[in-house]
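Please work through the following exercises with the sequence and the structure at hand. Each task is followed by a stepwise solution.

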Amino acid sequence: MSTENFTITIQGDSEGYVIFECPYCDSEFKLQAGEYQNDDEPFEELFCPYCGLAKEKNEFLSSDVIEQVQMIAYNYRVEELNKLFKKM
């Protein structure tokens with residue numbers, strides 16, 4: 001089985017913000033999508049503005065964002081299967 005890697009860009013709300021959720025205290029907070037995905041000044045850890053604890057930035061993704069990513073991955077797999085079976 002091969003591994004497929006692709007990049008998913010997180011879209012902000014109408015003001016450009018994305019909701020994040022602390023894995024420690026479950027508090028929600030917002031960041032600008034551009035700050036989170038800034039390739040010029042990348043960062044690996046994020047800290048909660050409420051409890052102050054830090055963890056890898058992907059651990060702060062909200063359940064909504066995770067659900068969207070899972071749907072994108074699922075749709076990609078379905079498309080690849082359709083391409084594969086279309087050739088048969």
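**Exercise 1: The loop residue Asp26**

Locate Asp26 relative to β1 and β2, and state whether Asp26 is buried or exposed.

Step 1. Asp26 is found in the loop that lies between β1 (17–21) and β2 (28–32); strands are DSSP runs of E with at least two residues, helices runs of H or I with at least four, numbered from the N terminus. The model is predicted: local features need pLDDT of at least 70 and side-chain atom pairs pLDDT 80 or more, whereas totals for chains, interfaces and linings use all residues. Residues are numbered from 1 along each chain as its sequence is written, and side-chain values use heavy atoms, without hydrogens and water.

Step 2. Asp26 counts as exposed because its relative accessibility is 54% (buried is under 20%, exposed over 50%, partly exposed in between; 1.4 Å probe, protein chains only).

Step 3. Although not a glycine, Asp26 has a positive phi of about 65°. Most residues other than glycine have a negative phi.

**Exercise 2: The hairpin**

Determine in which sense β1 and β2 pair, and which residue of β2 is the bridge partner of Val18.

Step 1. The two strands, β1 and β2, pair in the antiparallel sense over 5 bridges; pairing requires at least two DSSP bridges.

Step 2. Val18 has Leu31 as its bridge partner in β2.

Step 3. Together β1 and β2 form a hairpin, with 6 residues between them.

**Exercise 3: The faces of β1**

Assign the residues of β1 to a covered and an uncovered face.

Solution. Val18 and Phe20 make up the covered face; Tyr17, Ile19 and Glu21 make up the uncovered one.
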